[in-house]
Amino acid sequence: MLNALIFIALPYAALALLLVVTPLRFCSRRLTWSAYSTQFLERKLLYWGINPWHFGILPILIAHVFAFAFPGLMKGFLGNQTTLLILESLGLALGLFALLGIVLLLLRRANSGMLKQVTFSSDWLLLFLLAFQAGTGVYIGCFMRWGSQWYLYTAVPYLWSIVSFNPQLGYVADFPLVFKLHAACAFLIVALLPFTKLVHMLYLPIDFVKDPPILYRWRSRGNL
Amino acid sequence: MDVRAQIVMVFNLDKCIGCHTCSISCKNIWTDRKGAEYMWWNNVETKPGVGYPKQWENQQRFKGGFVVDGKKLRLKAMGKGPTLLNMFFQPNMPKIEDYYEPFDFDYGNLAGAKDSDDQPVARAFSQISGDDIDEIQGGPNWDDDLSGSQIYAAKDMNLQDKQVVDQYDTMFMQYLPRICNHCLNPACVASCPSRALYKRGEDGIVLVDQNVCKGWRFCTSACPYKKVYFNWQSGKAEKCIFCYPRVESGQCNACAHSCVGRIRYVGVLLYDADGVEASLTGSDDQLVDAQRAHILDPRDPKVQEGARKNGITEQWLEAAVKSPVYTLVKEFGIALPLHPEFRTMPMAYYIPSLSPVLSVFGETHKLLEHGMIPALEKLRVPIGYLASLLAGGNHQVIEKALRKLIALRVFMRGENLGAPVDAAVLSDAGMDRASALKLYRLFTLAGYNERNVIPAQQREDQDPEKRKQQAGFGILEKTRRAK
């Protein structure tokens, strides 16, 4: 029952919300598409929170997604014991880095009078979920070693079975609870993404990189 | 030659009395709302002083504007790569304390307090956190009229000799009203990773598209004038919009319209958009001349032809010919850009002020030694100070402008007293009788329509029947029944 909830109901609900609500929000409420920075009101703790968080979690997130997308490539890459060891250590270090960051961000929200005015329940929800996610991730990294290896043979085929609409719970059903919570929380975060300020991660400044520095808009050319 | 039009404001600093009426009219219309309490799109600061936000001219700290890198310009703060790496925490962004913590007073308590032996008071509270403030630490004009000059005026970046502020008889003071400069090479636009900031092609007004802005905050520090603000509630950048809803319909900006001293002039400049960046790569003291070289003569048939080719309408061309701004900036060369060395080519210009009125008492100001109108060499405002503020350190540019202003005064004094002065007074300063009278008229008698020559946007030839229903007030997001 728990397995069916976490590994079938949740991922499909999350996927549906992500695919339907995100474009809806982009088209109808684009004004809300922002990271809602609070640096203006508090910057000392933010520096030590937000940098470790982003620089820790981004490589880890990319590694998760990359291994899902190209499992064959990763299998070959991790076949070498030295590479596996280095990657595993690096992953754990980045995970701890991110955990430190998100905990600081949580404490920061709780301790600043000015920030109370710009902190909403969705912010708390996200902070707790992300902290929980980073915490369970670090726990798995410590106590269920070689995750970068077994992830390829368990979670990845399971995720592929989800996206091919043929869910195979056999790959993941016998894992300990902490792994299941990590997966459940991940799906929950994906489900919340289109409703919260997390959407900010879905915009990459590509135009900025390729455009000339000064941008003009002309009424006569219809782009105003 | 790529002829474009820019709507420009000129400030006559000699006439600014620092009454802040402009700031209040701007505040009432645009920034009297949550998240924007601390913003003053138009502000007036006392110079010498640290200004608003404090020390905004200090680019060592805020890293605003452009610097020359070889033969090219680059943003002083960082290039595109580092921008991407600094998105999470923007190291140069000003914080709320650099402006001030906005406050209000609990006026409701004056009428609503319970019966008591004590007189009820209106306590100050923070407009951000809502908490009581026991002692207000700062405000938008904390150093107004040189208050606390040892602390504030002494820190003015333009003041070479800090001891000037110690002595009452060497002290000087002037006001500096500031809006967004709507630069030709805006650093805020160049720094925006979301590409939300843009310059309007038709009139050069620089705006933030609120729908596109992601709140990445690079503009707030890239603008060397600190005229892009961060709305702490909406999480987006905001700035002076040059009152475009008014200007588009040919009306004057709220700040300029409400100006008590009539110090502001609004009009059109035609400029050459080719090679703006290249001309900003010279040394600091060449920048005023380089900037003037980009401003084109609207009477020149070649310029007019180029303007028509670029879609500039006849009404705009006519306004450019009549523009008081062209007269002051290019024809007379007395209106100068604020801090051209920030290399954004700012499009707000300032006529430098003469010194305070001379006192006739005491040893300090020997009137006869000066003559009735002070000689350039005897001005109390150090030329170096004005040069640092308005000319990238170039003394000649300031002296040339001041010479004209002084000559005009001497000339008009003679005219009014029935004792005309020698023609050399004017010709030495590069003027003649006709131009002096023209300048005199613009400074003193010119009415609203002479000070502000603002052509409306030509909507008539842009499908007016379709636009008719889109104008005016309305609800942006459609209700369910709207089709």
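Trainee: In which sense do strand 1 and strand 15 of chain B pair, parallel or antiparallel, and over how many bridges?
Mentor: In this predicted model, strand 1 (residues 3-12) and strand 15 (residues 348-351) of chain B pair in the parallel sense, over 4 bridges. Within that pairing, B:Val10 has B:Tyr349 in strand 15 as its bridge partner.

Trainee: Which sheet do those strands belong to, and in what order?
Mentor: They belong to an open sheet of 5 strands in chain B, ordered 13-12-1-15-14, with mixed pairing.

Trainee: Which strands stand at the edges there?
Mentor: Strand 13 (295-296) and strand 14 (336-337) of chain B do. Each has a single partner strand, so one side of each is left without a neighbour in the sheet.

Trainee: You mentioned B:Val10. Which residues touch the most other members of the largest nonpolar core?
Mentor: B:Val10 is one of them, together with B:Cys188, B:Leu197 and B:Leu328, in a core of 132 residues. Helix 17 (residues 395-416) of chain B supplies the largest share of this core, 9 residues.

Trainee: What does B:Leu328 touch?
Mentor: Not counting residues up to four places away in sequence, B:Leu328 touches B:Val10, B:Tyr265, B:Ile334, B:Ala335, B:Tyr349 and B:Ile351. B:Val10 and B:Tyr349 are the bridge partners mentioned above.

Trainee: Which residues does the second core include?
Mentor: That separate core has 16 residues, among them A:Ala67, A:Ile140, A:Tyr151 and A:Ala183. As a general matter, nonpolar side chains tend to be buried together in soluble globular proteins.

Trainee: Let us move to chain A, then. How many helices and strands are there?
Mentor: Chain A has 9 helices and 1 strand. Along the sequence the pattern is α-α-α-α-α-α-α-α-α-β, and buried residues make up 25% of its 224 residues.

Trainee: What box do the C-alpha atoms fill?
Mentor: Along the principal axes, the C-alpha atoms of chain A fill a box of roughly 60 × 45 × 40 Å. Among the contacts in chain A with a separation of 6 or more, 82% are between residues 24 or more positions apart.

Trainee: What span should helix 1 of chain A have?
Mentor: Its 27 residues (residues 2-28) should span 39 Å at 1.5 Å a residue, and the end C-alpha atoms are 36 Å apart, which agrees. Helix 1 of chain A also carries a kink of about 30 degrees at A:Leu10, shortly before the proline A:Pro11.

Trainee: Which residues of that helix are buried, and what do they pack against?
Mentor: A:Ile6, A:Phe7 and A:Pro11 are buried in helix 1 of chain A. The buried residues of this helix pack against helix 7 (155-163) and helix 8 (177-192) of chain A.

Trainee: And A:Ser148, is that buried or exposed?
Mentor: A:Ser148 is buried, because 20 other C-beta atoms lie within 10 Å, and a count of 20 or more is the cut-off for that class. A:Ser148 sits in helix 6 (residues 147-153) of chain A.

Trainee: What is A:Ser148 in contact with?
Mentor: Leaving aside neighbours within four places in sequence, A:Ser148 is in contact with A:Leu78, A:Leu84, A:Leu87, A:Glu88 and A:Gly91. The C-alpha atoms of A:Ser148 and A:Ala63 are separated by 8.9 Å, although these residues are 85 residues apart along the chain.

Trainee: Turning to the contact between the chains, how many residues does each give?
Mentor: Chain A gives 37 residues and chain B gives 35 residues. On the side of chain A that touches chain B, helix 2 gives the most, with 5 residues. The residues on that side divide into 21 nonpolar, 9 polar and 7 charged.

Trainee: What joins strand 1 of chain A to chain B?
Mentor: There are 2 bridges to strand 8 (residues 197-200) of chain B, and the two strands run parallel. A:Arg217 stands opposite B:Arg200 in strand 8 of chain B.

Trainee: One last topic: how do strands 10 and 11 of chain B pair?
Mentor: Strand 10 and strand 11 (residues 236-239) of chain B pair in the antiparallel sense over 4 bridges, with B:Glu238 as the bridge partner of B:Tyr229. In this hairpin, which has 4 residues between the strands, B:Gly235 takes a positive phi near 70 degrees.

Definitions and conventions
Residues numbered from 1 in each chain as written. Chains lettered and ligands numbered in written order. Predicted model: local features only at pLDDT ≥ 70, side-chain atom pairs only at ≥ 80, totals over all residues. Buried ≥ 20, exposed ≤ 12 C-beta atoms within 10 Å, placed from the backbone. Contact = placed C-beta atoms within 7 Å. Nonpolar A, V, L, I, M, F, W, Y, C, P; charged D, E, K, R; others polar. Pairing = 2+ DSSP bridges. Core = buried A, V, L, I, M, F, W, Y, C linked by C-beta atoms within 7 Å. Expected span 1.5 Å × (residues − 1). Bend = angle between axes of the 7 residues up to and from the residue.
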